[in-house]
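Work through the exercises below with the sequence and the model side by side. Each task is followed by a solution that goes step by step.

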Amino acid sequence: MTLAALMQPTCLPREEGTLESGIEMDAFLREVETRAYRITLASIRDADEALDIVQDAMISLVRKYAARPEEEWRPLFYRILKNRIRDWQRRGVVRGRVMSFFGGQEGGEGYDPVAQAPGPSAGNPAETVARGEAMDALEEALGNLPGRQREAFMLRNFEGLSVAETATAMGCSEGSVKTHYSRAVHRLRELLGEHF
Amino acid sequence: MNTDNVSEDRALEERTKLIFDESVSALDAQTRSKLTRARYRALEELPGRSAPGWRAWWIPAGAVAAGVLAVMLLWQGQPPVAPEAQTFDVAALSDLEILLGEEELDMIQELEFYAWLDEQAEIAPADSAEGGVG
């Protein structure tokens, strides 16, 4: 091997605890955190619990898989997140829905209008309301899907994971992913027909 | 599956994706802040980063600085070396050379013989002197 070839960057194992690995992990988590939160919220309908679940998933990824190649982080992260969501759902779906219903009311004690200000891309109020209603309808429809169909749809369509990555995240075969996804789309079309 | 179904599926995928992306962009500042804190908390778990950043760097740096300072103080606190001590050092160095040389080791092994030889050398002149008188 020539000296020039040796000096080319290669797929070396990731060094744990280096500044570079920390920067890459930070960039990855920054990229997925809001989307992961929104996916979790659509699954469990509880804002506080969704934040806790996303944080647990991020901690678990960093602890266990920081040394793995960066391209593996996304499916691994969503696999952890999916397991956390399922665990939470097993512990009490009814409790979560009740808390979400009461927790979503504005103007209660501790309500901070500045903190509740819409994000940077918010348009005019009418559009915001329309978007909010559309998302509410979508979350409602997603809530009516079987768990595996909902996971396949959100990971493939919202998060843009490939079939293989979704299979890794869901812990099933690629064929199962395609089946669950196809059924999810058909079911959503039935449920959302009036709104979309 | 006919073409209409495929196009309707595609439209639903695009529409739901758009709504989802907009809901992500519209997340309130408080939620974004909480997510940022959650990320920082997760990054503390990076291998080799168990201690907060400042502590991870300053504790080893402080230990090195303290060590250098201690060496400098000991160096400057030493009294001037006396000539006798220098002589002692030279003698000690000679002893070391003797100890490390093979020939000198042979001599040490036959030390009693050399001591006897030395005594004989001292006795012999005395004997000859006595004989001269007698």
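Angles under 35 degrees count as roughly parallel, over 145 as roughly antiparallel, 65 to 115 as roughly perpendicular and the rest as oblique. The model is a predicted one, in which local features need pLDDT of at least 70 and side-chain atom pairs count only at pLDDT 80 or more, while totals for chains, interfaces and linings use all residues. Residues are numbered from 1 along each chain as its sequence is written, chains are lettered from A and ligands numbered from 1 in the order in which they are written, and side-chain values use heavy atoms, with hydrogens and water left out.

**Exercise 1.** Determine how H7(A) and H8(A) are oriented to each other.

Solution. Helix H7 of chain A covers residues 163–170, where helices (H or I, at least four residues) are DSSP runs numbered from the N terminus. Its axis and that of H8(A) are 8 Å apart, at an angle of about 95 degrees; axes are lines fitted to C-alpha atoms, for helices over the stretch in contact, and angles run from 0 to 180 degrees between N-to-C directions. H7(A) and H8(A) are therefore roughly perpendicular. The residues in contact (heavy atoms within 4.5 Å) include A:Val163 and A:Met170 of H7(A) together with A:Glu174 and A:His180 of H8(A). By class this contact has 5 nonpolar, 2 polar and 2 charged residues, with Ala, Val, Leu, Ile, Met, Phe, Trp, Tyr, Cys and Pro counted as nonpolar, Asp, Glu, Lys and Arg as charged, and the others, Gly among them, as polar.

**Exercise 2.** Describe how H6(A) crosses H8(A).

Solution. The axes of H6(A) (residues 147–158) and H8(A) (residues 174–192) come within 8 Å and cross at roughly 95 degrees, so these helices, too, are roughly perpendicular to each other. Among the residues that meet are A:Phe153 in H6(A) and A:Tyr181 in H8(A), and the contact has 7 nonpolar, 3 polar and 4 charged residues.

**Exercise 3.** How many residues does each chain give to the contact between chain B and chain A?

Solution. Chain B gives 35 residues and chain A gives 46. Between these chains there are 6 salt bridges, one of them joining B:Arg39 and A:Asp26 (2.9 Å, N to O). On the side of chain B that touches chain A, the largest share, 15 residues, comes from H1(B).

Methods: Salt bridge = Lys/Arg side-chain N within 4 Å of Asp/Glu carboxyl O. Helix = DSSP H or I, 4+ residues; strand = E, 2+ residues; numbered from the N terminus.
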